Amino acid sequence: MTGDEAKQVLAEIRPTLLKVAGRIVRANGLSSEDAVQDAYLKALRAIEAGSFPQERGHLLAWFTRVVYSAVYDALRGRARRMARVPAVLDREPADDRPGPLDQLVEWEDEGLIRRSQALLASCIGQLPGEERRAVELRFQGMTNRQIALALDVPLGSVSALFRSVMGKLRRGLAAAGSRADPAG
Amino acid sequence: MPPHLLGLLQEGVEVRPWLERHLVGPDLLAVVGELAAVSGREADADAGGLLVAQRTEILEHGLASLTDEEVQVLFRNPALLLRLQEWVLVDGGPYWDGVLSGSANRVLVPPSPVPKLPARPGLSRLWAVASHAGIAAMAAALMWFLIVPRPPTEHPTAKEDIAAAPPDLLLSTLARQLDEKLSAARRGPDALAALQQMHDTCATLAAAPLPQLSDSARAAVRRDLSWLQTQIAAQRRILEQGAEVWQVRSTVESRVHSLVSTRWRDPVDLPDATQDPDDLPSEDTF
């Protein structure tokens with residue numbers, strides 16, 4: 001999908017986008033109109049920069065992400081301005097630490113995303129039998145109780161399995177990440 | 001960033017609330033991708049029917065209205081989650097408002113606590129307007145004070161309010177007015193008129209004394225206004241050469257927004273008027 005096609009899709013589903021954005025914005029205690037507009041413009045900018053998902057069916061979910069980013073910007077801006085109202089034009093130390101959603105709008109290369117998702121699948125595939133099976137069942141939406149029944153283990157063992165698995169997956173992902181990017 | 005699915009392995013995390021949070025949160029697309037990657041199986045042919053059959057219940061009561069097996073169908077067919085997201089965000093009932101609020105509180109924690117309102121009555125009033133009606137209303141109010149001649153007895157605190165107003169609000173107001181005018185312009189001549197009007201407004205504001213700003217801030221705002229004038233004039237020419245109104249509108253919105261965003265990101269540390277800040281869009285990119 002080209003940028004122009006993405007913009008066209010955005011224009012076609014604009015009423016839906018505005019509803020979605022309005023809802024998220026209001027849930028965050030902001031006035032909807034301004035922040036919704038900001039989100040929409042932010043999405044257009046991202047598309048112009050070539051930073052958007054390639055599948056049409058992913059645009060709404062991506063736009064939701066953009067809305068959260070816009071909301072975050074607005075909340076942060078409000079907090080900073082309110083802090084500075086008494087002497088708004090005085091120079092104060094700026095808090096320029098990047099926020100957790102600063103990069104939210106940027107859409108990573110989809111090949112990279114798929115590779116990291118494949119990496120997760122690969123790390124799961126390398127787990128020992130019972131742990132792998134427990135994780136697979138969990139990622140199919142099963143509760144711990146159902147997993148315990150399926151594996152015929154005590155309920156408490158499922159939690160212990162997951163604690164062990166979390167450590168292994170984190171280490172495995174980190175090791176694979178550093179192998180893929182030795183400089184990073 | 002670690003995979004979102006790892007959250008499901010944490011102690012005490014339940015499947016339905018976890019999934020509901022992601023349905024209304026910013027990372028659903030990543031979650032769907034991860035589920036698809038680890039599942040590695042074809043979608044169930046009739047999985048979509050489940051959603052359609054349960055739509056009303058889900059919208060009213062959330063995923064609690066699904067059986068465990070139905071929830072598992074969603075996990076095995078993650079593409080359905082994208083459809084479900086649209087439903088709950090567009091048509092979901094009060095239950096989903098609660099999920100949204102909870103999700104927002106988790107995700108959107110401002111980097112620093114919001115300080116108490118300043119004691120000055122004029123400012124308090126303005127910030128109260130802002131908190132109830134939004135920054136846009138406040139910006140509109142400021143613009144109204146700036147450009148509409150007013151009797152000196154009316155709104156005695158207005159001047160004081162403006163004196164403390166961040167300069168980015170001037171730009172926000174301009175951006176907003178421009179957007180409103182361009183959005184209303186369906187035909188080329190209307191858009192041309194709107195662009196010309198905003199071009200003139202920029203010129204008027206740039207020539208105004210703007211006593212509420214410090215010297216450096218005033219210089220920076222004038223520089224921004226001048227940049228904006230240039231961009232608007234360029235789009236006016238493009239429109240005259242036969243471009244579509246929506247194209248021009250989109251470009252103008254995008255450029256103006258990048259300028260406003262720059263100021264919102266950093267309303268205090270305004271660039272020196274003689275410098276070209278890296279993050280300000282340049283004429284070349286237009």
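Predicted model: local features only at pLDDT ≥ 70, side-chain atom pairs only at ≥ 80, totals over all residues.
## Nonpolar cores

The largest nonpolar core holds 87 residues. Six residues have the most contacts inside this core: Trp62(A) and Phe63(A) from chain A, with Leu9(B), Leu63(B), Leu74(B) and Leu84(B) from chain B. Helix α4 of chain A, residues 59-84, supplies the largest share, 12 residues.

Phe63(A) has contacts within chain A. Leaving out residues up to four places away in sequence, Phe63(A) touches Leu17(A), Ala21(A), Ala39(A), Tyr40(A) and Ala43(A).

## Helices α1 and α5 of chain B

Helix α1 of chain B spans residues 15-24, and helix α5 of chain B spans residues 79-91. Their axes come within 9 Å and cross at roughly 75 degrees. Angles of 65 to 115 degrees count as roughly perpendicular, so α1(B) and α5(B) are roughly perpendicular to each other.

From α1(B), the contact uses Leu19(B), Leu23(B) and Val24(B). From α5(B), Leu81(B), Leu84(B), Gln85(B), Val88(B) and Leu89(B) meet them. Seven of the contact residues are nonpolar, one is polar and none is charged.

## Gln197(B)

Gln197(B) sits in helix α11 of chain B, which runs over residues 188-207. Its relative accessibility is 42%, so Gln197(B) counts as partly exposed. In sequence, Gln197(B) and Lys181(B) are 16 residues apart. In space, their C-alpha atoms are 9.2 Å apart.

Terms used: Residues numbered from 1 in each chain as written. Chains lettered and ligands numbered in written order. Heavy atoms only, no water. Core = buried A, V, L, I, M, F, W, Y, C linked by side-chain atoms within 4.5 Å. Buried < 20%, exposed > 50% of the residue type's maximum accessible area, 1.4 Å probe, protein only. Helix = DSSP H or I, 4+ residues; strand = E, 2+ residues; numbered from the N terminus. Contact = heavy atoms within 4.5 Å. Axes fitted to C-alpha atoms, helices over the stretch in contact; angles between N-to-C directions. Parallel < 35°, antiparallel > 145°, perpendicular 65-115°, else oblique. Nonpolar A, V, L, I, M, F, W, Y, C, P; charged D, E, K, R; others polar.
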